[in-house]
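Please keep the sequence and the structure in view while reading.

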Amino acid sequence: MEETMKDYEKELEASFRKINEGDVISGTVIDVNEDEVTLDLKYYTQGIIKAADMSEDPGFCVKEDVKVGDVIEATVVRMDDGAGNILLSKKEANAVLAWDVLKQYMEDKKNLEVQVSEIVKAGAVAYVEGIRGFIPASQLSLSYVEDLEPYKGKKLTVRVTTVDPEKQKLILSAKEVLREQAREEHDHKVAMLVPGTILEGTVESLQTYGAFVDLTDGLSGLVHISQISQKRIKKPSEVLKVGDKVKVKVLNTRDGKISLSIKAAQDGQETEEIEKTDVRNYSSGESLGTSLGDIFAKLDIHV
């Protein structure tokens, strides 16, 4: 009896509900086949979305991409499809609703899995929420991409960087995600270095305030001028040149940067003054050796 009353209440509620052509309504998928999707609208009749009206994405497959239980928002196209059902279009709803979703993705910096559907001039195309998105060639990878064809059909993790509904403009970037992953990987490697460890490296550049030493594995650190030699020097080039192999001691790792000492590695000296050497104080407008920008520079990447 209780179930009957609940059913009656639902039917009563549905009888008062008004649905008009042009309305955007939601329903739960109760059946999927190659030709159409059937929705429970909690109404006296069901909703039908033809497969061709589901998505603009050429890679979309109704049998694979839609599952029973999915909740879909769609626009009412016709109140009677000829068989007593309400005819709907998800594509039309997407043209309005998807842009709000995309804006939220951009604000949240949400990582999205997409598949490149085609290669076009200066980039690639992928669909998000049924909307055609453009990935510029410069945003496909951390490094320069000369041949775009291998990216066709490839799955990428991207972020939304530009959303303009009026111009129907959606720009995506895989590079932004890759850059963040590279930064996290780099900072993890730096954090794993134990102060006091002796390492071998190669002098990669000389600055007025010290020398940057390549430690391999994508890491490099600063040897401040006061930590280069036991004798007082006015500039690093007095005792070092680019390409020299040197032993260095790790003094500290802060903010993803590595402070090193050649002097401490030579004689085991480790004073409080040395421990406080902080690479954050030395920049002179150039990227520090352990910064992400320096890693990209080695790969010939313009950040």
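Asn-85 counts as buried because its relative accessibility is 16%, and the cut-off for buried is under 20%. The model is a predicted one. Asn-85 sits in the loop that runs between strand 4 and strand 5 (86–89).

Which residues does Asn-85 contact, once its neighbours within four places in sequence are left aside? They are Thr-45, Gln-46, Ile-48, Met-79 and Asp-80. Thr-45 is 40 residues away from Asn-85 in sequence, yet the two C-alpha atoms are 5.8 Å apart in space. Ile-48, another of these contacts, belongs to strand 3 (residues 47–50).

## Overall make-up

The protein has 303 residues, and 41% of them count as buried. Its secondary structure consists of seven helices and 15 strands. Among contacts with a separation of 6 or more, 58% are between residues 24 or more positions apart.

On one side, strand 2 pairs with strand 1 (residues 24–32) in the antiparallel sense, over four bridges. Asp-31 has Thr-38 of strand 2 as its bridge partner. The hairpin connecting strand 1 to strand 2 passes through three residues.

Strand 2 also pairs with strand 3 (residues 47–50), again antiparallel and over four bridges. Here Glu-36 is opposite Lys-50 of strand 3. The hairpin of strand 2 and strand 3 has six residues between the strands.

## Residues with positive phi

Most residues other than glycine have a negative phi. Lys-42 is not a glycine, but its phi is positive, at about 55°. Lys-42 lies in the loop between strand 2 and strand 3. Is this residue buried or exposed? Lys-42 counts as exposed because its relative accessibility is 65%.

Gln-168 likewise has a positive phi, near 55°, and is a residue other than glycine. Its place is the loop between strand 9 (155–164) and strand 10 (169–173). With a relative accessibility of 52%, Gln-168 counts as exposed. A further positive phi, near 50°, is taken by Asp-255 in the hairpin of strand 14 and strand 15.

## The barrel

How many strands close into the barrel, and in what order? Five strands do so, in the order 11-12-13-15-14, with mixed pairing. On average, neighbouring strands of this sheet are turned by 50° against each other, with direction ignored.

Strand 12 (residues 210–216) and strand 13 (residues 219–224) run antiparallel and are joined by six bridges; Thr-216 has Leu-219 of strand 13 as its bridge partner. Strand 11 (residues 198–207) is antiparallel to strand 14, with five bridges between them, and Thr-202 is opposite Lys-245 of strand 14. Strand 14 in turn is joined to strand 15 by five bridges, also antiparallel. In that pair, Ile-258 of strand 15 is the bridge partner of Thr-253, and two residues lie between the strands in the hairpin.

Helix 4 (residues 175–192) lies across three of these elements: strand 13, strand 14 (245–254) and strand 15 (257–261). The angle between helix 4 and strand 13 is about 55°.

## The largest pocket

The largest pocket has a volume of about 930 Å³. Its lining is made up of 29 residues, of which Phe-60, Asp-65, Lys-90, Glu-129 and Gly-130 are the closest to the centre. By type, the lining divides into 14 nonpolar, nine charged and six polar residues.

Which elements each supply at least two residues of this lining? They are helix 2 (62–65), strand 4 (71–78), helix 3 (90–108), strand 6 (112–120) and strand 7 (123–128). Helix 3 gives the largest share, with six residues. Lys-90, one of the residues closest to the pocket centre, falls within helix 3 (90–108). Asp-65, another of them, falls within helix 2 (62–65).

Technical notes: Residues are numbered from 1 along each chain as its sequence is written. This is a predicted model: local features need pLDDT of at least 70, side-chain atom pairs count only at pLDDT 80 or more; totals for chains, interfaces and linings use all residues. Side-chain values use heavy atoms; hydrogens and water are left out. Two strands pair if DSSP finds at least two bridges between them. Axes are lines fitted to C-alpha atoms, for helices over the stretch in contact, and angles run from 0 to 180 degrees between N-to-C directions. Contact means heavy atoms within 4.5 Å. On a 1 Å grid over the protein atoms alone, a cavity is a set of points where a 1.4 Å probe fits but cannot get out, and a pocket is an open set with protein on both sides within 12 Å along at least five of seven lines; lining residues have an atom within 4 Å of a point. Grid points are joined across faces, edges and corners, and a volume is the space filled by probe spheres set on the points. Ala, Val, Leu, Ile, Met, Phe, Trp, Tyr, Cys and Pro count as nonpolar, Asp, Glu, Lys and Arg as charged, and the others, Gly among them, as polar. Buried means under 20% relative accessible area, exposed over 50%, partly exposed in between (1.4 Å probe, protein chains only).
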